[in-house]
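Hello,

Here is the structure I promised to pass on. Please open it alongside this email and follow the residues as you read.

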Amino acid sequence: ADISGYDIDPQLVKFAKENAREAGVENLVRFGVRDVAKTSHPGSYGFIVTNPPYGERISDKEELYEIYSKLGQAFDGLDKWSCYVISSYQDLPKAMGRKPAKKRKLYNGMMKTDFYSFPGERPAKKAPAAR
């Protein structure tokens, strides 16, 4: 599996690496510092699972809208991919420019959040190998 983890904040990437090490998966995940606007991948199909800022660290609602808008624009370039977002930001669908297929309530610690599902196209099933 090609698993990558990114954040624009180098300190948060450092924390993520430490958490991966403690979980014993540090060799399975590639980490880097990257703006969400630079999200890309050469693969045709894949998944994005993200837990972007909710507004707890960012008090400027315009900045939050811009972050989610950039995520939506980056996702446009990954048209067969699926995207799953955990957030308490209520304007997420509008900012991303798309309607989620599902929105589930959940809690991140004590904070009420939503889990948004934006499924992409599924790859064609491969025919079984001839015997």
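First, a question: does Phe47 count as buried or exposed? Phe47 has a relative accessibility of 59%, so Phe47 counts as exposed, given that exposed means over 50%. Keep in mind that this is a predicted model.

Now the rings. A pair of aromatic rings is described by the distance of the centres and the angle of the planes. Searching the whole structure gives 4 aromatic pairs. One of them joins Phe47 and Tyr84. Their centres are 6.3 Å apart, with 25° between the planes, and the pair is stacked. Phe47 belongs to strand E3 (residues 47-50) and Tyr84 to strand E4 (residues 82-87), so this pair ties together parts 37 residues apart in sequence. Ring pairs also link Phe47 and Tyr84 with Phe115 in a cluster.

Next, look at Tyr68 and Tyr89. Their ring centres are 4.9 Å apart and their planes are at 20°, so this pair is stacked. Tyr68 sits in helix H2 (residues 61-76). Tyr89 sits in the loop between E4 and helix H3 (92-96). The pair therefore ties together parts that are 21 residues apart in sequence. Both Tyr68 and Tyr89 are buried.

A charge meets a ring too. The charged end of Arg34 sits over the ring of Tyr6, 3.9 Å from the ring's centre.

Last, Val33. This residue is part of strand E2 (residues 29-33). Beyond its neighbours within four places in sequence, Val33 is in contact with Asp7, Ile8, Pro10 and Val13. From Val33 to Phe118 it is 24 Å, C-alpha to C-alpha, and 85 residues in sequence.

Best wishes

Notes: Residues numbered from 1 in each chain as written. Predicted model: local features only at pLDDT ≥ 70, side-chain atom pairs only at ≥ 80, totals over all residues. Heavy atoms only, no water. Phe/Tyr/Trp six-rings, centres within 6.5 Å; stacked < 30°, edge-to-face > 60°. Helix = DSSP H or I, 4+ residues; strand = E, 2+ residues; numbered from the N terminus. Buried < 20%, exposed > 50% of the residue type's maximum accessible area, 1.4 Å probe, protein only. Lys NZ or Arg CZ within 6 Å of the ring centre and 35° of its normal. Contact = heavy atoms within 4.5 Å.
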